[in-house]
Amino acid sequence: MKQPFALFLLAIATATALPAHAQLLPQAAASGKQPLDRIVAVVDEGVILQSELNEAVRSVQQQYASNPGQLPPMDVLQRQVLDRLILMRLQVQRADDQGIRVSDADVDKAVAAVAQQNRMSPEQLRAAVEQDGSSWAAFRHQLGDQLVAQRLHDSVVRDQVTITDSEINNMLASPTYKAGEVHLAHIQVSLPAGASAADIKAAQDKATQAIDAIKGGMDFHAAAIRYSDGQDALDGGDLGWRRMDEIPPAFADAVAGMKAGDVTPAMRGPTGFHILKLIEQRAPSRQVVQEFHARQILIKPSELLTPEQAHQKAEDLYNRIVTKHEDFAKLAKENSKDDTTANNGGDMGWFAQGDWGSIIGQQLGEMKDGQVAQPFQSEAGWHVLERLGTRQSDRTDEMERNQARQAIGNRKAEQVYDDYLREMRSAAYVNILVPELRDPNQPQATKSS
């Protein structure tokens, strides 16, 4: 299971938005196992045990069981997995310091989401996890850690990421603005915060090794697993589909002139060196949606009106409109409790099918123009709904602005959180006690390895 950067999007995700294929790295402590063990790394006030690392490595090996040739040598894989465990441990510790918690109910929702996305029931998911030799408690524990990390991300970017209309206008008006989508893979060789000349040289050499390996015939995804420091490294560096406006401008300029299969040279960025591969690309298309024109009368239960009385009142109004042909607009002004439409005779204007919620949208899809639906109930109350008309509307410009807003937010959030993680890692006490697990390109230091 893999965890894309979607966990770190601005929109930002509830427990039910966990990825279907999240790469879970089980925790031995959560599994209840108590083997004789050794400490492989000290992370601030916590430790990572050999058994935890072994379980995490085994999980990655299972993920690549059908294509084990893409995995690097065991010592490289162990370092990659250990780095992921360290980063997750630091995020969980920082979240705990800030009072960020998740409940058992939150984890239950996450389990249900993962199960649904894998077309299983929660019981079937548990059986599959245990059949693979993993602990269900460890699986739930790691889901909980992912949720905690997500909430830490939300907390970090919430107050630091703002998007103005001017920024959107500038992006859309820029001659460098590029539409369309690209499917990218990525190798990132990171630099620590306050990198020295030696750090930069070591990172550049590692990026050169990756380029040479790819030119020598190594599959890009295998090279990403071996050389990348990015959070997507164990997923082969796959970034999935991204709009061109979501990519940093320097990368977008490089990608714009590429064909599917091309690989960029190592590009220096603020966080390190980056290598991109263009897997596929697709052109933008016009966004035409069906819109509805409707009006409604909303009857809400209250202290003076029981739910049964509200239902009966809606039925009475429906009969006055359909049987007695009374004026819908007049009845809406007199009776509707929807503050946004009552004064307009219940007129809801033109809108896309889901804009007023799924229940109203479903009703509209089953009606004909001029038809008044039988009263139906939503969370707001009882509705008397009339469909007045339909049309096809080109929402390309509106959606383009929304996409630009999201792209700017995603880009800012990614940079903010990446900086946060780098600073957190640099400030943390991380001592890798097993020499062969240390990155040979990074000297062992008092704080970060």
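These are numbered notes on a predicted model of a protein chain.

1. Confidence. The mean pLDDT of the chain is 85, and 88% of the residues reach 70 or more. By element, helix α12 (residues 328-335) has the highest confidence, at 97, while helix α1 (residues 28-31) has the lowest, at a mean of 43. Residues 1-35 have pLDDT below 50. Beyond near neighbours in sequence, that stretch still has 110 contacts in the model.

2. Largest nonpolar core. This core has 37 residues, and the members that touch the most others are Ile48, Val81, Leu82 and Ile86. Two or more residues each come from β1 (39-43), α2 (50-63), α3 (74-97), α6 (136-158), α14 (396-427) and β11 (430-432). Helix α3 gives the largest share, eight residues.

3. Ile86. What does Ile86 contact, leaving aside its neighbours within four places in sequence? Its partners are Val43, Ile48, Arg425, Val430 and Ile432.

4. Another core. A core of 16 residues lies apart from the largest one. Its members include Ala185, Val189, Ala203 and Ala224.

5. Four-stranded sheet. An open sheet runs in the order β4-β3-β6-β5, with antiparallel pairing. Strands β4 (238-243) and β5 (267-269) form the edges, each pairing on one side only. Direction ignored, neighbouring strands are turned against each other by 45° on average.

6. Strands β3 and β4. Strand β3 (residues 181-190) is joined to β4 by five bridges, and the two run antiparallel.

7. Helix α10 (residues 249-256) lies across β3, β5 and β6 (272-282). The angle between α10 and β6 is about 50°.

8. Helix α13. Which residues of α13 (residues 358-366) are buried? They are Ile360, Gly361 and Leu364. These three lie on the same side of α13 because they cover an arc of only 100° around the axis. In general, an α-helix has 3.6 residues a turn, so residues three or four places apart point the same way. The face turned away from the buried side carries the exposed residues Ser358, Gln362 and Glu366.

Terms used
Residues numbered from 1 in each chain as written. Predicted model: local features only at pLDDT ≥ 70, side-chain atom pairs only at ≥ 80, totals over all residues. Heavy atoms only, no water. Core = buried A, V, L, I, M, F, W, Y, C linked by side-chain atoms within 4.5 Å. Buried < 20%, exposed > 50% of the residue type's maximum accessible area, 1.4 Å probe, protein only. Contact = heavy atoms within 4.5 Å. pLDDT = per-residue confidence, 0-100. Pairing = 2+ DSSP bridges. Axes fitted to C-alpha atoms, helices over the stretch in contact; angles between N-to-C directions. Arc of directions from axis to C-beta.
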